[in-house]
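Keep the structure open beside the text as you read.

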Amino acid sequence: MRKTQKLLFESGRPGRRGVSLPALDVSARPLEELLPQAFRRQLPLGLPELSEPEVVRHYTALSTRNHGVDSGFYPLGSCTMKYNPKVNEEAAALPGFALVHPCQEDETVQGILELLYEAEQYLKEITGMDRITFQPVAGAHGELTGLMMIQAYHRWHGQNRDKVLVPDSAHGTNPATAAMAGFEVIQVPSDQRGLVDLAALKEALGPDTAALMLTNPNTLGLFEEDILEIAAAVHAAGGLLYYDGANLNAVMGYARPGDMGFDVVHLNLHKTFATPHGGGGPGSGTVGVKEKLAPFLPLPLVERGEAGFYLDHDRPQSIGRVHSFHGNFGVVVKAYTYLRMMGADGLKQASADAVLNANYLMHRLKPIFHLPYDRVCKHEFVLSAREQKKMGAGAGDIAKALLDFGFHPPTVYFPLVVTEALMVEPTETESRETLDSFAEAMAEIARLVREDPERVKEAPHTTVVGRLDEARAVRQLRVRWSKEEA
Ligand SMILES: Cc1ncc(COP(=O)(O)O)c(C=O)c1O
């Protein structure tokens, strides 16, 4: 039987306390003097009142209801849900990092500025870019920052380029960001290999092309092998190349976006560089650019002068700020710790392991599920549940059934170029035994679909909540509890 969990508001009782303070034994100034009546709240705050153990038990119970990377395998394609070493957390929590104030004078935060400066040097080396900003706080935010710089660049050169080309396999944030930045989005089809259709791309390029947004390897997990020709064609048309670096964990130390011809790249530090993420953050959509775009970077940037590190605000062509201070600085500390711990060889190994794990799992699963693009993949691969759908249970049902086996499902119904898509990214941090047990669970579900599709359609059976009405959850989102409506 599924057990429901009361909200703190429901289990609280008036007058219950989590702390007991000694009685006041100093003479305080009269309340009226401290806070005049006019500034005092008229109604009670309405917060739940509970004892300390009640609060601890509540949150401990809630924490066990989530599936996280720390509790099990999480092959959520495109999201790189790899294990994050705990030492990263320890570093970010050091008082010297956690307790500084962002408004302190540069001389008093030399260590912080040095870390930002050094992290920039490492990421420049890894991406082949010339300058880096840490201000954007998510991948999509990095995309917006990058496109704003591309816009500023074209305007500076007196050009009115208002179209951004996006392949049909792109992550949804790419076209959404381009539209939000004010561009018209032109979709470029994939060819039979699952790669950008070169002829269609060339056809779409023109004097109004501002940029092509691309992720390489793409969202099918396939390396865009024509990338040099693609880059040459976009540049010849006067456009720029934007690299969605969310998939960088597939190629670290092997290929650099800068060498492929990209002008701007965003990195998801919260994926590739082992920072926990999910549930909306906090993240870092760090952006790197080639020299020609550096003047447009958000300000300030960290520079090294004779007297030490300092923040350079004197950047007249900058697009301005895209976030306060240095974005999510704690995330950069975690990424920096990871970079230092892994070193260049370790990062290469991580990419090699990510690719090996994906290919191993792909080979184990392709006899069971249709594999539309049957080629060596990089860090992820996309299966299709089209045959299972014909038997009565599709990708979404299979995803739900996986929960009963203790696994987080793969990404489903994305990329859109694959019907009934199941996008699997095992990541580099999983053992062969874990991959084997996942493959066995998938085989068992496929058997169930053949024999009893209705049971799969009713899954999950063992979780605290069953099937949610996802459409209603989006249309009638209720995130606030009220006594009257309860
Ligand atoms: C390929 C790709 N691009 C962009 C993003 C957007 O990143 P974020 O979720 O940090 O905004 C994602 C996120 O999953 C992604 O997988």
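In which loop does A274 lie?

A274 sits in the loop between helix 12 (269–272) and strand 7 (287–289). Helices here are DSSP runs of H or I with at least four residues, strands are runs of E with at least two, and both are numbered from the N terminus. Before going further, please note that this is a predicted model, in which local features need pLDDT of at least 70, side-chain atom pairs count only at pLDDT 80 or more, and totals for chains, interfaces and linings use all residues. Residues are numbered from 1 along each chain as its sequence is written, and side-chain values use heavy atoms, with hydrogens and water left out.

The phi angle of A274 is near 55 degrees, a positive value in a residue other than glycine. A274 is also buried, at a relative accessible area of 0%. The term buried stands for under 20% relative accessible area, exposed for over 50%, and partly exposed for values in between, using a 1.4 Å probe and protein chains only. T427 is another non-glycine residue with a positive phi, here about 70 degrees. T427 belongs to the loop between strand 12 and helix 16 (432–451), and it is buried with a relative accessible area of 1%.

## Two cis peptide bonds

The peptide bond from N216 to P217 is cis, and its omega is near 5 degrees. To find P217, look in the loop between strand 4 (209–214) and helix 10 (227–236).

F414 and P415 are likewise joined by a cis peptide bond, with omega about 0 degrees. P415 is located in the loop between strand 11 (411–412) and strand 12.

## A strand covered on both faces

Now turn to strand 10 (residues 381–384). On one side F381 and L383 are buried, and on the other V382 and S384 are buried, so both faces of the strand are covered. As background, side chains in a regular strand alternate between the two faces of the sheet.

Strand 10 runs antiparallel to strand 12 (residues 421–424), and four bridges join them. Two strands count as paired if DSSP finds at least two bridges between them.

## A buried histidine

H154 is part of helix 7 (residues 139–156). With a relative accessible area of 2%, H154 is buried.

What does H154 contact, leaving aside its neighbours within four places in sequence? The list is Q159, R161, T209, A210, G238 and L240, where contact means heavy atoms within 4.5 Å.

Searching the whole structure gives four cavities of 30 Å³ or more. The search uses a 1 Å grid over the protein atoms alone: a cavity is a set of points where a 1.4 Å probe fits but cannot get out, a pocket is an open set with protein on both sides within 12 Å along at least five of seven lines, and lining residues have an atom within 4 Å of a point. Grid points are joined across faces, edges and corners, and a volume is the space filled by probe spheres set on the points.

The largest cavity holds about 110 Å³ of space. Its lining includes L116, Y117, E120, F134, P300 and H326. Helix 6 (110–127), strand 1 (131–133) and strand 8 (301–305) are the elements that give two or more residues to this lining, and helix 6 has the largest share with three. By class, the lining has eight nonpolar, three polar and one charged residues. Here Ala, Val, Leu, Ile, Met, Phe, Trp, Tyr, Cys and Pro count as nonpolar, Asp, Glu, Lys and Arg as charged, and the others, Gly among them, as polar.

The second largest cavity has a volume of about 60 Å³. Among the residues that line it are P167, N174, M213, N218 and E224.

The chain is assigned domain 1 (1–18 + 42–63), domain 2 (86–341) and domain 3 (385–473), with bounds that come from an automatic or database domain assignment. The centres of domain 1 and domain 3, taken over C-alpha atoms, are 35 Å apart.

The largest pocket has a volume of about 740 Å³. Of the 31 residues that line this pocket, H67, L403, H408, P409 and T463 lie nearest its centre. Helix 15 (395–403) and strand 11 each give two or more residues to the lining, and helix 15 gives the most, with five. The largest pocket lies between domain 2 and domain 3, because both give residues to its lining.
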